[in-house]
Structures are given as structure tokens and as C-alpha cells.
Amino acid sequence: DNPPVFTQNGVYTATIPENLPGGSSVVLLAAADADVGSNAALTYSVVSVTPSVGQSQFVLDSDSGLFQTHTVSLDYEREKAYTVNVKAIDGGNPQNNATAVISIAITDVNDNKPVFQNLPYGATLAEGPTSVGAVIATLSATDKDSGLNGQVVFTIVAGNGDGLFSINKTSGIVTVVRSLDYETSQSYSLTVQADDQNGGGDALTRQSATAAVSVTVTDINDNAPVFPLKRRSIFPKTISSVSRSSR
């Protein structure tokens, strides 16, 4: 004649990372029944899971009350929280039961790489002083993670040995900082990299992606004609032969 009673007033909470392996413990439910014998034997079951996708991501042991992750992986980017309604049923006749709620918060881990948008990047610029300050491209990259895990910064990692180009690490704007010269190089290929901030942690474990930025340089009429330096005689070769025959 006594119903089961859950501990913790029937309210359980848990915070778990999205990469928690299958078979990991989330909470251990506990209920007690003042009756004796089979009337006090309890069986646990899940009543509902919100959102419903959680039905395949968690499992409850009906005898021990251990609520744990299933084999289906969690994904913070898909679902950030779950509410699970459970009940405990005793073995009496008629049966008595009690209900409880499990609130689960999922935390983000840095499991997504930045993805560049609006590819390809590049520009065609005329050589000369007017090229300085010109915007070649505005990079854009997104990262599905949250917080610092999803914040992206940009760098030029190759192709800028002469220091002709610069990039704003937050806006992704690539500009010319030194005058381009067609006669020196007609094109440049820069490799740019987008790095997330890995929650402010170790740079070695940050997620990154690379993209190419092409620069084509066009010629302007900035060079005057130059005579060859080789000296030439102004007299025809026949003059010397005529001079010898007149002696």
C-alpha cells in the first residue's frame, strides 16, 4: 500500500560533454518503497524523452536504475539539452509507482573544423604605388562549435615571403602593403589559414582549415625606353677600304 519514493525529490540533473562514450553513466536513480517483499521490488522505466532523438541516445537499466549513454553519439550542435521522464513501479498488486525527471545539459567540445565560405578568393591589380592598400579579398569562415571553439582567426601561412600582403586576423581582409611590380612577378598565390580558438586552450589542438588567395598583377607603362650600352661606329665599314686603296 506504499508507493515508491525517489531520492532528490525526484529531480536529477547532469552535465555531460558531447563526446562522452557510449555506456557511460549519466545518473543513478534511486527510489525506496516502505513495503516488504515483492511489494517493495522496484522496476525503473523511461516514460518520455524530449527531444525524441534522445530515445536512441540513452538507456535505463530497469533493475539498477543506472541511466547511461547509448551507442548513438551525442552532438551538441544538434541538441544541447534533454529532459527525461522516468518512473519506478513496485511489484505489488495493484502496482504503485512514482515519477522523476532527469535534466541533462550537453557541453560543447572542439570537434568541428572551420569551413571557408564564398570561395574562391582573388583579385587582379595594376602594378605600382596605387596597388598599396588595395583589398584583395575578404575571407569568411564558419565553425559549428560554440564559444571560443567556434571563434575563427585568420593568418597567411605561405606565399608572402616578400611581405607584400597583410591580413586582419579577425575580419579576414587581405590587403596589399607594398607596391606590386609586374616586372618582378606577374602573379602570387597565398595560402591562408582559419584557426578556431579551442576554448582558449592549447594551440596545438586547435582545428584549422586552409584556402588559396590568388593575385594577378597587370602591367602599366612605367618604364622608359633605354638604348643598349654597346658602342657602335658612325662610319660605314667601306670608308676604311677606300682609304687604303687611295694610298
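What follows is a short chat about a predicted model.

Me: Which order do the four strands of the open sheet take?
Reply: The order is S2-S9-S8-S5, and the pairing is mixed.

Me: Which strands stand at the edges?
Reply: Strand S2 (11-17) and strand S5 (42-50) do. Each has a single partner strand, so one side of each is left without a neighbour in the sheet.

Me: And the twist, what does that average?
Reply: It averages 25 degrees from one strand to the next.

Me: How many bridges join S5 and S8, and in which sense do they pair?
Reply: Eight bridges, antiparallel, with S8 covering residues 81-90. Threonine 50 stands opposite threonine 83 in S8.

Me: Switching topic. Where does threonine 175 lie?
Reply: In strand S16, residues 173-176.

Me: Is threonine 175 buried or exposed?
Reply: Buried, because its relative accessible area is 19% and the cut-off for buried is under 20%.

Me: What is threonine 175 in contact with, leaving aside neighbours within four places in sequence?
Reply: Gly133, Ala134, Val135, Ile136, Leu164, Phe165 and Ser166.

Me: Now the largest nonpolar core. Which of its 26 residues touch the most other members?
Reply: Phe116, Ile136, Leu139, Phe154, Phe165 and Leu180.

Me: Which strand supplies the largest share of this core?
Reply: S18, with five residues. S16 is among the strands that each supply at least two.

Me: What about a second core?
Reply: There is a separate one of 25 residues, including Val26, Val27, Val86 and Ala98.

Methods: Residues numbered from 1 in each chain as written. Predicted model: local features only at pLDDT ≥ 70, side-chain atom pairs only at ≥ 80, totals over all residues. Heavy atoms only, no water. Pairing = 2+ DSSP bridges. Axes fitted to C-alpha atoms, helices over the stretch in contact; angles between N-to-C directions. Buried < 20%, exposed > 50% of the residue type's maximum accessible area, 1.4 Å probe, protein only. Contact = heavy atoms within 4.5 Å. Core = buried A, V, L, I, M, F, W, Y, C linked by side-chain atoms within 4.5 Å.
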